[in-house]
Amino acid sequence: MAALRVLVAPRLAAASVLAPLPSRLRLLPPSRQALFPRAALHCSAPRPGARVAVVLSGCGVYDGTEIHEASAILVHLSRGGADVQIFAPDTPQMHVVDHTKGQPSEGDTRNVLIESARIARGKIADLAQLRAADHDAAIFPGGFGAAKNLSTFAVDGKDCKVNRDMERVLKEFHSAGKPIGLCCIAPVLAARVLRGVEVTVGHEQEEGGKWPYAGTAEAIRALGAKHCVKDVTEVHVDQKNKVVTTPAFMCETALHHIHDGIGAMVRKVLELARK
């Protein structure tokens, strides 16, 4: 298991990776053929800005982070001049889903941190290391990983448990009065941990399949939180708790609408972080 926790060796020699390939396939010049363990992450801006922690839950909508949501968050944070650090728990996934079939892949196991590193381009840290004192805000993209790897909501619904470090992080940011952003299914995490918080996961009726996860709103109320109906391009801001949420892929709609809603969430989180 120790080997699984090693994301990348300190530096991989290019020869060991590229030597077996025919010379015509060696696309990089010799000076560029070294692979680095932490590739540049374009969301991190060189200018001073809000320090934002982004917490991932794997890689792939059905068993991890929704990749489009994570990417949109990072793009909008970059545009907003934020200094971003990415985290994920060093734990096994609940299961692995074959995304071509939407079915569990029997006998396959994966690690949440290692899978999340794909999105972070290797620049990632264990969620256990995240401290609210080091950041101005935290954002949590959705994907079923939030309900499977960061919590047991996918299995237990309103009786779910939240990953210990995930719960700690939410409570730390909340106690410090620092803004928290969540999208898609991730608002259930805040609903479970922060009693009485206001969140949105979109509409409360399926409306012919446009809102296929509308039943989540009832589960949020059962957790003791308040659900607020919002469209996919909108956000709900709980001013008292500094929690900002948007529906994202809880809605079946065009990708640019998802992107716009996430952009509105990120902008509001950054605005609150400056106050």
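Trainee: Which residue follows α6 and has a positive phi?
Mentor: This is a predicted model, with residues numbered from 1 along each chain as its sequence is written. Local features need pLDDT of at least 70, side-chain atom pairs count only at pLDDT 80 or more, totals for chains, interfaces and linings use all residues, and side-chain values use heavy atoms, without hydrogens and water. Helices (H or I, at least four residues) and strands (E, at least two) are DSSP runs numbered from the N terminus. After α6, with phi near 70°, comes Gly 177.

Trainee: How far apart are the end C-alpha atoms of α6?
Mentor: α6 has 12 residues, 164-175. The expected span is 1.5 Å times one less than the number of residues, so α6 should span 16 Å. The model agrees: the ends are apart by 16 Å.

Trainee: Within what arc do the buried residues of α6 fall?
Mentor: Buried means under 20% relative accessible area, exposed over 50%, partly exposed in between (1.4 Å probe, protein chains only). Met 166, Val 169, Leu 170 and Phe 173 are buried in α6. They line one face of the helix, because the directions from the helix axis to their C-beta atoms fall within an arc of 95°.

Trainee: Which residues are exposed on the other side of α6?
Mentor: Look away from buried residues such as Met 166. On the other side sit Arg 164 and Ser 175.

Trainee: Which strands and helix are among those covering the buried residues of α6?
Mentor: Contact means heavy atoms within 4.5 Å. Phe 140 contacts Met 166, Val 169 and Leu 170, among others. The cover includes β1, β6, β7 and α7.

Methods:
Lists of a residue's contacts leave out its neighbours within four places in sequence.
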